[in-house]
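Subject: Structure handover

Hello,

Here is the structure for you to work with. Please open it alongside this note.

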Amino acid sequence: PFSVKLLSSCVIGLGVAAPPDLSFTPGCSCKRGSCSSSNCMCIKEMQGAFPYDEEGTLLFEPGKPIYECNSSCKCSPNCRNRVIQKGPKVLIEIFKNRLKGWSVRAKQEIKKGTFVCEYVGEIITSKEAEKRGKKYDKLGLSYLFDLDVESTYNKYCIDATLQGGFARFINHSCDPNLQNYQVWVDNLDKDQPRIAFFAIRDIKMNEELTFDYKYERLGNSTRLACYCGAKNCRRYLF
């Protein structure tokens, strides 16, 4: 048994590049209300497309990076390109599942495209992640989230084992209702995106929140059974 320190944002671990001074972070010069696709440098980073509609509902397909307006931008705090930086707004409950252990469920109806939560913890190097991973495997723990951006190689990883947010309790499903997206806000280091979860379909009240872990089996490692109960269940996480 161990205690978990709750976090609202990631903390930087040993050997990880510290976030740059905000005074050196470039921002848009849109001075009136919300930004426009024609003159906002943040929107231009996304080929001129807004990631959200006026209500903050996600418009992008999975895999497309999101660059939100940041603290250096001149636009209004109510700009439509500021969503995950405002934190989650949905009501959730952490509960104990007989087969899966600690889990998370919605305590309200959640519409498709809604920002639900961010995966936070300690950002560590991949080398440190490998070291901790061997220890965690022996304990049956799995709270490491790779920050692989442009390739299968990941320079950093988020470890939410001993410190993290409620996203660490979200279980796997072969038919998930959440999808993770990489988002950059104040820290524009390409190797340190923030991991945000959005609803990929309408979610009912009291429905469990899940995402696809997409584990890959390495060699002849022991297979881990899946208890998601989905009709398309793959039977194993890896």
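The model is predicted: local features need pLDDT of at least 70, side-chain atom pairs count only at pLDDT 80 or more, and totals for chains, interfaces and linings use all residues. Residues are numbered from 1 along each chain as its sequence is written, and side-chain values use heavy atoms, leaving out hydrogens and water.

The sheet

Helices (H or I, at least four residues) and strands (E, at least two) are DSSP runs, numbered from the N terminus. Two strands count as paired if DSSP finds at least two bridges between them.

An open sheet is built from 4 strands, in the order 3-12-13-6, with mixed pairing. Strand 3 (66-67) and strand 6 (115-119) are at the edges; each has a single partner strand, so one side of each lacks a neighbour in the sheet.

Taking the pairs in order:
- Strands 3 and 12 run parallel, over 2 bridges. Ile 66 sits opposite Val 183 of strand 12.
- Strands 12 and 13 are antiparallel and joined by 6 bridges. Here Val 183 faces Arg 194 of strand 13.
- Strand 13 (residues 194-199) pairs with strand 6 in the antiparallel sense, over 4 bridges. Cys 117 has Phe 197 of strand 13 as its bridge partner.

Strand 12 (residues 178-184) is mostly covered, with 6 of its 7 residues buried. Buried means under 20% relative accessible area, exposed over 50%, and partly exposed in between (1.4 Å probe, protein chains only).

Glu 207

Glu 207 is in the loop between strand 13 and strand 14 (210-211). Glu 207 is buried, at 19% relative accessible area. Its side chain makes a polar contact of 2.9 Å with that of Arg 201. Such a contact is a pair of N or O atoms within 3.5 Å; within protein, one must be able to donate a hydrogen and the other to accept it, and residues adjacent in sequence count only if both atoms are side-chain atoms. Beyond neighbours within four places in sequence, Glu 207 is in contact (heavy atoms within 4.5 Å) with Val 104, Arg 105, Ala 106, Asn 177, Arg 201 and Asp 202.

Helix 2

Buried residues in helix 2 are Ser 126, Ala 129, Arg 132, Gly 133 and Tyr 136. Their cover includes strand 7 (122-125), strand 8 (144-146) and strand 9 (156-159). Just after the helix, Gly 140 has a positive phi of about 75 degrees.

Best regards
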